[in-house]
Every structure is written in structure tokens, then in C-alpha cells.
Amino acid sequence: MEIFCGIDWAESHHDVALVDDSGRLLAKRRITDDAAGYRLLLDLLAEHGDRPEEPIPVAIETSRGLLVAVLRTGTRQVYAINPLAAARYRDRHGVSRKKSDPGDALVLANILRTDMPMHRPLPADTEQARAVTVLARAQQDAVWNRQQLTNQIRSLLREYYPAALEAFQHKTGGLTRPDAREVLTAAPTPARAAKLTLVQIRAALRRAGRTRGIDAEAERLRAVFRTEHARHPELVEAAFGRQLLALLVQLGAACRAADDLADAVEEAFPEHPDAGIYLSFPGLGIQLAARLLAEIGDDPARFADARGLKAYAGSAPITRASGKKSYVGRRMVKNNRLLHAGFLWAFSALRTSPGADAHYRRRREKGDWHASAQRNLLNRLLGQLYYCLQDRVAFDERLAFALPAAAAAKAAA
């Protein structure tokens, strides 16, 4: 007799349901979200035949957290069921639209009983890959947070301090530069900026770590700050300055967090066995390669073929057909983190890989827009990455982007 477990998780407690292969409810229990509750869950599973060689599969609506970490010990298969899919399954058991936590746990257990081959268990990634996942995702979040704060500061400066934008937005890094943050902290309003002396500007640049071109940069900044612009009343301008100072504190923390996490990724990713394969691809550095590894994982059995990886990333098109109507378009359900990293990868590969650049240009000549051509290039790169990981070989430009027969004959002629 096969046993299936469903867990409806919450912040402080979790509801557990066990069913057999006929759908009969064997046990239900509410456990707390702590070590005692986790022990109670493992004891409950053991009472119903859970053994290391034959663990009971578990369905739950999340792939993260300590509860999932406890369940993933050993060879147990844990299925992270999408909440939208679980809601559709709920309607199979009743049309009244009733909902309860114990009922949801029962629905999850029955999903495994009836349709387990249709769902994918959590990948059996190594501990090293999961550590890279934590760091790479955290660094990606820090970069997004830094950019969001930069956009807020830029919008604020447009309202009352256009000279600051003229001074820094054309430089690499823009408002995230240490010298930009230091100068704006010293002069958060146009009135105070206009009063800055060359000595004060030089001191701010040195505090930011600048060592070269200080005198020329100080002259340039003083000229920009003393340019005539429209101004708010004094009190309003001072209020804007206080808001800018508060945002600069947050931006400084975000910049430090992004840099610290980037350093952590630089240490962790090269130690992974797959690092050499990822870094052999054009357009991939340590940070971007770590983001790809974080989402793809290192379980070789996770994807049955390259098409599975492409669909997971959202680079492969999807077909919707009904009767005489057929539509082929981009996927809306995908791993957004992987697709974001993939677009950066495809864009940077254009400058480092002649084959990738030629492939992109062929797609544009056929009428694809930039985003569509870039997505098509990513689709091809992901297929190449899949086979390199499976065969344990590095990327080879000549094999990856071999010219078609007609093009090769034309080039030879």
C-alpha cells in the first residue's frame, strides 16, 4: 500500500494529511512551526511506514523554509505544488468552493495519489549548489534594490536639484558612485551646493576614495553647481534635502550589501565543479554564471532534455491552438530570475562570440524585434549549456555556431 502526504503550510502551524492509494484518509495532524512540530511530523510519517529506503512522498505549496529542509533529508521526494494548481484541484472534490487548511492538506496528498508523474519533485541539488543559490539570489536582490533606490533619488533630484543630475548621471555608475553619494551628502540642496568651495569638494572626493583627477573634477562640479536653475522656496528646498539625505543613507547600505554579496559569490562559485563549464561560455562572468547555476541547479536528472530547461527559463515559445486558431508566443509562466539573467547573458554574448552575433543578426534580418531575436539566441545558448553540462565538456565556438551548409559553401567560394 502506497502512502502520500500533503502539508498545508502557514506561518505558525502546518496541517498534515496522509492518504493511501485508494484515497482513504489515514491520519491528519496540525503541527507547530518549530523543532518539536517537525519531530512530530517525522514520527507521524514513521508510524505509517516511512523508511529511509522507501520514504513517503510529500506535497507542499512552497519550496523554501526549514520545514522543507527537514523533509528533504535523505532520498525523500518533495513536490512543490503551485498554489494555482492546487486551487484547481480543490474544485475536483467539491463545487461549493469551501476551503480549510486541513482540506487543503488533503487536496495536496490526493494530487500526489492521482497525478504524481505530472509534477516535478524538488531537484536533488548538492549542498554547494544550494549555498550558491542563496548567495546569488541575495546579490541579485541587492542589485535590484540598489537600482530601485537610485531611481527614487533620480526622480527626487528632477523635482528640485537638476544640477546634481547634470553632475553625475553621465558618468559610469551614475548616482551609485561613491563620489556622487559623498558630494550629495555634503550638499543635499542647490543652495548648499552653490556655496561649496574647491577645498570642500576636493575633501568630499577624497573621502569617497578618489585619488586621480581631483582638481579637474572639483572645478567641473563647482561650475555645474553654480549654473543657474529654477528653485523652490527655501523651506521647501530644505525639506527636499532632508528626504535626499534619508535616501542616500539607504542607497549607501544597498551599495555595500551588493558589493559584500558579490564578494561572497566570487568566493563560493569558483569552488563548484560546474564553474569551469559555465565560465567557458561567451558573455558569462562569475556573477552572471552564478545566477544561472542558482536557478538551474546541479541535479543532472532535473530536466529530461534541453527543451525542459528552455521551457523552464521561458525562452522557448509556447503554442496555444483551438480549432482553426493557433497562436505561438512567449511564455508567461517561467522562472523570472533565470530569464532575467539569460537576457543579460545573451546581450553580453553578442560582443564576445562571433557566432552569437551572427545568429542574432540573422534573426533580425528575418524580421524579429530585438527582444525576440535575443530570446531566440538565449534559447540556443541554453541548449548548448544543457549538453555541455550533461557531457561534462567546455563550450566550443566552432561546434556551437557551425555555419549552415549554404553559408559555409558561400564563405569557401
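Arg392 is found in the loop between helix H17 (370-391) and helix H18 (397-400), where helices (H or I, at least four residues) and strands (E, at least two) are DSSP runs numbered from the N terminus. This is a predicted model, in which local features need pLDDT of at least 70 and side-chain atom pairs count only at pLDDT 80 or more, while totals for chains, interfaces and linings use all residues. Residues are numbered from 1 along each chain as its sequence is written, and side-chain values use heavy atoms, with hydrogens and water left out.

Although Arg392 is not a glycine, it has a positive phi of about 60°. Its relative accessibility is 46%, so Arg392 counts as partly exposed; buried means under 20% relative accessible area, exposed means over 50%, and partly exposed lies in between (1.4 Å probe, protein chains only).

Asn379 lies in helix H17 and is buried, with a relative accessible area of 16%. Not counting residues up to four places away in sequence, Asn379 touches Lys310, Ser315 and Ala316, contact meaning heavy atoms within 4.5 Å. The side chain of Asn379 also makes a polar contact with the side chain of Ser315 (2.8 Å); such a contact is a pair of N or O atoms within 3.5 Å, and within protein one must be able to donate a hydrogen and the other to accept it, while residues adjacent in sequence count only if both atoms are side-chain atoms.

An open sheet with mixed pairing is formed by 5 strands in the order S3-S2-S1-S4-S5, two strands being paired if DSSP finds at least two bridges between them. The edge strands, each pairing on one side only, are S3 (25-32) and S5 (78-80). Strand S2 (residues 13-20) runs antiparallel to S3 and is joined to it by 7 bridges, and Val19 stands opposite Leu25 in S3. Two helices pack on this sheet, as tabulated here; axes are lines fitted to C-alpha atoms, for helices over the stretch in contact, and angles run from 0 to 180 degrees between N-to-C directions.

| Helix | Strands touched | Angle between directions |
|---|---|---|
| H1 (residues 35-47) | S1, S2 and S3 | about 165° with S3 |
| H4 (residues 101-115) | S1, S2, S3, S4 and S5 | about 140° with S1 |

The secondary structure of the chain comes to 19 helices and 7 strands. The radius of gyration is 28 Å, well over the 22 Å that the globule rule gives for 413 residues, so the chain is more spread out than a compact globule; the radius is taken over C-alpha atoms, and the rule is 2.2 Å times the number of residues to the power 0.38. Along its principal axes the C-alpha trace spans about 85 × 70 × 50 Å.
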